[in-house]
Amino acid sequence: ITLVFVWLFLRSPLHRWPAAVCLCGQAVARVGGVLDVSGANPFEPIDAMMLGGAFASAMYVIALFGFRMFDVAPIARQTVIAQMREGMLVLDAQRRIIDCNPAAEKILGLPSQHLRGRAADEILKVPAPAQGKFDENRLDPPEIFVGSGESCRHFAIQSSPLTDRRERPLGHLLLLHDVTDERNAQARILEQRQALAALQERDRVAREL
């Protein structure tokens, strides 16, 4: 069981805190057992092992019900985020990246451990908005370009503020939408309009001549 909690603590950010609580309870229970065996129980006549076991049980209850360790909803939410096509970046109040999903790693070409802790403006190459905030109400969201030439991809950045229960700002959630096909279609339409305008102008000049 200890190895399971250690694995959850190291590999699953969703279960890190409840796993730490369970490990703390187990550590106290083991210390109680050692005190009993060594005869150095400072709680006599109370059994130190029983005290440690009671503490560990309380920690398990807190982890299971207080943190909802095995609640299916957070697990499902984490699965959806991992399978999203859009890149997702979570920024703190200082606009540093604190989390991302696999799609964002693929888009930016960097693993999560190289993204966490770095400034979003440095990674995305987007000028910092006024007062250090993204304007959620702007009609034309900022875009970034990944790659070059024919392999260049366009990504629009959609920003949403993150607040606590008292509506105090905590950071921002950024979604990177691939708009390459839309931009290419707009470019083709613009070229067609320019070609049509050039033909019409040539016909007008021909008629005048």
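Me: What's the strand order in the open sheet, and is the pairing parallel or antiparallel?
Reply: Keep in mind that this is a predicted model. The order is 2-1-5-4-3 across five strands, and the pairing is antiparallel.

Me: Which strands stand at the edges?
Reply: Strand 2 (97-100) and strand 3 (143-146). Each has a single partner strand, so one side of each has no neighbour in the sheet.

Me: And what does the twist average from one strand to the next?
Reply: The average is 30 degrees.

Me: How many bridges do strand 1 and strand 5 have between them?
Reply: Six, with strand 1 covering residues 87-92 and strand 5 covering residues 169-178. As an example, Leu91 has His172 in strand 5 as its bridge partner.

Me: Which residues are buried in helix 2?
Reply: Among them are Pro18, Val21, Cys22 and Gly25, along with Gly32 and Gly33.

Me: What happens just after helix 2?
Reply: Gly39 sits there with a positive phi of about 75 degrees.

Me: Last topic, the surface. Which residues make the nonpolar patch?
Reply: Val6, Phe9 and Leu10, giving about 250 Å². Val6 belongs to helix 1 (residues 2-11).

Me: What is the relative accessible area of Val6?
Reply: The value is 31%, so Val6 counts as partly exposed.

Definitions and conventions: Residues are numbered from 1 along each chain as its sequence is written. This is a predicted model: local features need pLDDT of at least 70, side-chain atom pairs count only at pLDDT 80 or more; totals for chains, interfaces and linings use all residues. Side-chain values use heavy atoms; hydrogens and water are left out. Patches are made of residues with over 30% relative accessible area and no salt bridge: like charges are joined within 9 Å, nonpolar side chains (Val, Leu, Ile, Met, Phe, Trp, Tyr) within 5 Å. Accessible areas come from the Shrake-Rupley method with a 1.4 Å probe; for residues, only the protein chains shown count as cover. A salt bridge is a side-chain nitrogen of Lys or Arg within 4 Å of a carboxyl oxygen of Asp or Glu. Helices (H or I, at least four residues) and strands (E, at least two) are DSSP runs, numbered from the N terminus. Buried means under 20% relative accessible area, exposed over 50%, partly exposed in between (1.4 Å probe, protein chains only). Two strands pair if DSSP finds at least two bridges between them. Axes are lines fitted to C-alpha atoms, for helices over the stretch in contact, and angles run from 0 to 180 degrees between N-to-C directions.
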